[in-house]
Amino acid sequence: MMPTAIIDTVGVLSTAGALFIVSAGLTLVFGAMRLINIAHGSFYMYGAFLLTTIAGAGTGLRFWLAVVAATIVVALIGAAVELVIMRRVYDSEHLTQLIATFGLFLIFADLALHFWGDNSRTANPPAAFAGQVAIGGAVFPAYDLVVIAAAVAVGLGLWVLLQRSGLGWRIRAAVEDPETLQAGGTNLPLLRTGMFTMGALLAGLSGAIVAPQVAVAPGMDSSIVVAAFIVAIIGGLGSVPGAALGALIIGAAETIGTIVAPTWASSFIYLAMIAVLVARPSGLLGIPERRQ
Amino acid sequence: MLELVDVHTYYGSSHVLQGVDLTVGAGEVVALLGRNGAGKTTTLRSITALTRPRSGRVVLAGRDITSRPPHVIARAGVAYVPSGRRVFSQLTVAQNLALAARGCPGRAGPWTIRRVYDTFPALAELSARRAGFLSGGEQQMLKLGRALLAQPDVLLLDEPTEGLSPTMVDALGGWLNLLRKAALSVLLTEQSAVFALRHADRGYILEKGRVRAHGPARRMIDSRELHDFLGVGRGGDPPDGSATEGRR
Ligand SMILES: Nc1ncnc2c1ncn2[C@@H]1O[C@H](COP(=O)(O)OP(=O)(O)OP(=O)(O)O)[C@@H](O)[C@H]1O
Ligand SMILES: [Mg+2]
């Protein structure tokens, strides 16, 4: 393979990896609760901000602990949000839900401004992955490998959870028919709290992981939530493997767009989405909604 | 075993159940009959609190379970088999059953996945198949098996004959006898009065959210009320022949 091709491939995989983690959380929450959570982007941003604060200048063990801590804190915020607000709006109309999560999004954005200011922050990559790696003449940031590895780990973890565990079957059953699940004895409110928390956790993890690669600043909440929705829609809302596919497509579209027509790069994402939806309105791996 | 006292249930502002009184004794099979939109499904949903009654009481073995969370009602011993193809289509038959077996931890009972497979041998052969690919009859077996694994005292069946072939309807009758022998209380809804009354001990006729008549099944088969409220000819099938074929 040519060096540039390797660089591009690693770049696509790294972009797609971070996108996959955040989108997997979004798609799980949508699938199980039919909830369109705009504040998902806030969780991602908080993961990144919290990482910069907790890791500080640390590049050793402290960095890795900071990733874990930031992820856990965001998950706890998610759990609180579900218990206090979200469980009250599951039965409301989509518009009410949208307004609730959008309100949260605005509140989280203001709180972030309050805590972290509006300057962009940076995080140092961990020392072990700070440099460049050379493979077959191609040189790319070693940290890309961390992001890719994290995405693979999350993907495998979710696959095992959803396919092999009783909890996973319950989650998939909740996606399809929450009422019947509940009538079979499953504590649906508890399951939903758990799912929402898991969604927040994945967003927080993604934000914490990408922090060393990006400028951590206000506004990253809105840009990621748009990207994550596009990924989830392309893959089919509710489908985790779909989110992986969607992330790869968007990662590739972005990279190809940058090479072919840099000024139009961001349009390529939408073109990719339109192309997929024309061919498959429920997304690549989506299940058409069950008719009542 | 199960008692409904003056249950009123609304969908938004529409007053669907207008004071339903009904009892199902221990080990009794009771048919809830009525035309389209009479409120049969709503009655079952009111018992399971999938739709919460606005007033009235639902009492299970002397314990008031009105409007408790649905999973609490399930764990108290009420299993609900909804109408239609409501299996978890993405999961395999085995996964559907395993999920059901874990749904009500703490409830002891005779039902195991093995026993469900013994009762419905067809399911055993299909255990690795996704439930979405099963036929209507097979899905009905799976829904029943799932409900039984919750070790219920009371089984609520919504239109169990819907979409079944005549052979499957016969089989269903056999299963109902089996449940009766297992001393389960069963409340089943049907539009097909003939089938339901043949297998039930007692029947209720629901019209516009009210109980219009009730009594022993044997006597109801030939009753005036059946004719008046269901349009069923005395002892025979309704003119459109839907009695033995379920809906559609
Ligand atoms: N989700 C709902 N929202 C509003 N109205 C509803 C809803 N579900 C049912 N209804 C109405 O409540 C009434 C009773 O419906 P229900 O489903 O209980 O009837 P049913 O006896 O089960 O009829 P069928 O034989 O067609 O299943 C009907 O008039 C129906 O239109
Ligand atoms: Mg009905």
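Between chain B and chain A, three salt bridges cross the interface, a salt bridge being a side-chain nitrogen of Lys or Arg within 4 Å of a carboxyl oxygen of Asp or Glu. Side chains of opposite charge can pair when their charged atoms come close. Arg45(B) and Glu179(A) make one such pair, with N to O at 2.6 Å. Over all chains the count comes to eight salt bridges. Arg45(B) sits in helix H1 (residues 40–48) of chain B and Glu179(A) in helix H7 (residues 178–183) of chain A, so this pair joins two chains.

A word on the ground rules: this is a predicted model, where local features need pLDDT of at least 70, side-chain atom pairs count only at pLDDT 80 or more, and totals for chains, interfaces and linings use all residues. Residues are numbered from 1 along each chain as its sequence is written, chains are lettered from A and ligands numbered from 1 in the order in which they are written, and side-chain values use heavy atoms, with hydrogens and water left out.

**Chain B against chain A**

The contact (heavy atoms within 4.5 Å) draws 22 residues from chain B and 21 residues from chain A. Together the two chains bury about 2000 Å², with 54% of it on carbon and sulfur atoms; buried area is the accessible area (1.4 Å probe) that two parts lose on being put together, summed over both. His71(B), Arg86(B) and Phe88(B) supply 30% of the area that chain B buries here, more than any other three residues.

Eight residue pairs, both at pLDDT 80 or more, are in polar contact between chain B and chain A. A polar contact is a pair of N or O atoms within 3.5 Å; within protein, one must be able to donate a hydrogen and the other to accept it, and residues adjacent in sequence count only if both atoms are side-chain atoms. On the chain B side, H2, strand S6 (78–81) and helix H3 (93–103) each supply at least two residues, and H3(B) gives the most, with five residues. Helices (H or I, at least four residues) and strands (E, at least two) are DSSP runs, numbered from the N terminus.

**Inside chain B**

An automatic or database assignment sets the domain bounds, giving domain 1 (1–77 + 153–248) and domain 2 (88–151) in chain B. In chain B, 16 residues of domain 1 are in contact with 15 residues of domain 2. The two domains of chain B bury about 1200 Å² between them, 72% of it on carbon and sulfur atoms. Arg75(B), Leu155(B) and Trp175(B) supply 39% of the area that domain 1 buries against domain 2, more than any other three residues.

One salt bridge is found across this domain interface. Arg107(B) forms a salt bridge with Asp153(B), and their closest N and O atoms are 3.2 Å apart. Helix H2 (70–76), strand S7 (154–158) and helix H7 (166–181) of chain B each bring at least two residues to the domain 1 side, where H7(B) gives the most, with five residues.

**Around ligand 1**

Which residues come nearest to ligand 1? Of the 13 residues around ligand 1, they are Asn36(B), Gly37(B), Thr41(B), Thr42(B) and Gln191(B), where "around" takes a heavy atom within 4 Å.

| Residue | Atom in the residue | Distance |
|---|---|---|
| Gly37(B) | polar backbone atom | 2.8 Å |
| Thr42(B) | polar side-chain atom | 2.4 Å |
| Gln191(B) | side-chain N or O atom | 2.6 Å |
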